[in-house]
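Please keep the viewer open as you read the numbered points.

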Amino acid sequence: MGRTVKTEGVVLRSFRFGEADRVLHVYTRDRGRIGALAKGVRKTTSRFGARLEPLSHVELLLHQGSGELSTVTGASLVDAHRPAREDPYRLSVALVGAEAMLRLFVEEERNERAFEAITRFLSAVDAIEPGARGRAALDPLALGFQLKLLWLSGYDPHLEACVECGEVTGLVGYLPRAGGAVCAACSPPETVSLSPEGLRGIHALLRSPLADARGLGLGERAVRDALAVVVAAYEAHGGFRLRTLSA
Ligand SMILES: [Zn+2]
């Protein structure tokens with residue numbers, strides 16, 4: 001027995017399971033993160049295998065049986081995000097976002113803003129100009145998305161004032177264990193140093209729509225500082241590192 005439900009989601013990851021099946025990790029609008037079993041999708045005759053690739057935004061029919069994983073019984077594409085998939089630079093930016101989502105949102109718990117954020121992020125990745133090059137970890141769109149996810153998780157960096165003494169000027173760094181900026185007088189050795197450009201850049205990324213992130217004109221120092229803060233926040237709050245950020 002069991003029941004069948006319809007849900008909209010973004011496939012974040014997919015891995016082989018048995019001879020012909022795959023397990024999908026999907027971030028859904030209604031239920032947050034779920035795991036689902038897609039049977040037979042590695043056979044060339046599969047009806048919907050191609051629609052279940054990572055980064056696909058899909059409508060799924062899920063059969064919830066007695067086991068822990070739902071089974072996919074139908075899939076239709078909302079957006080394949082083909083441009084993101086077909087360009088190596090775009091793909092590497094998209095995979096940073098997918099990994100961040102997987103690490104920060106592990107529960108089956110509805111968070112519609114997080115769902116909206118991943119769909120907007122992937123649309124913005126689709127729109128990255130052809131021929132863009134560089135390290136995806138330093139891409140302003142990837143950084144802006146991760147800062148917004150940290151904010152949605154309650155771990156956003158507080159950079160308006162020193163978290164120790166409240167001073168609003170002369171901020172020199174980010175203190176991971178306190179989750180915010182510190183002034184020179186309050187900065188212990190583990191402080192991640194931040195330039196004025198870095199502080200301004202992180203503010204701008206948090207305030208701007210994702211689609212504008214790459215147009216903010218952030219310099220090398222600003223994106224390096226933003227990356228250092230994101231990495232330190234992951235380590236301090238989640239105890240993890242993203243593989244895609246060390247590439
Ligand atoms: Zn201080």
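1. Which residue in β2 is the bridge partner of V10? Y27 is that partner. Helices and strands here are DSSP runs numbered from the N terminus, with at least four residues (H or I) for a helix and at least two (E) for a strand.

2. Before going on, please note that this is a predicted model, in which local features need pLDDT of at least 70, side-chain atom pairs count only at pLDDT 80 or more, and totals for chains, interfaces and linings use all residues. Residues are numbered from 1 along each chain as its sequence is written, and side-chain values use heavy atoms, with hydrogens and water left out.

3. Strand β1 pairs with β2 in the antiparallel sense over eight bridges; strands pair when DSSP finds at least two bridges between them. The two form a hairpin with three residues between them, and G18 in the turn has a positive phi of about 65°. β1 also pairs with strand β4 (residues 57-64), again antiparallel and over eight bridges. There, K6 stands opposite L61 in β4.

4. Now look at R13, which lies in strand β1 (residues 3-17). Why is R13 called partly exposed? Because its relative accessible area is 32%, and partly exposed covers the range between buried (under 20%) and exposed (over 50%), using a 1.4 Å probe and protein chains only. Not counting residues up to four places away in sequence, R13 touches V23, L24, H25, R33, P54 and L102; contact means heavy atoms within 4.5 Å.

5. D21 sits in strand β2 (residues 21-28). The D21 side chain does reach the backbone nitrogen of G40, at 2.8 Å. Leaving aside neighbours within four places in sequence, the contacts of D21 include F15, R16, L37 and V41.

6. Finally, have a look at the largest nonpolar core, which has 61 residues. Such a core is a set of buried Ala, Val, Leu, Ile, Met, Phe, Trp, Tyr and Cys residues joined through side-chain atoms within 4.5 Å. M101, F121 and Y234 touch the most other members. Among the elements giving two or more residues are β1, α2 (88-104), α3 (112-126) and α6 (220-237). The largest share, nine residues, comes from α2.

Conventions
A polar contact is a pair of N or O atoms within 3.5 Å; within protein, one must be able to donate a hydrogen and the other to accept it, and residues adjacent in sequence count only if both atoms are side-chain atoms.
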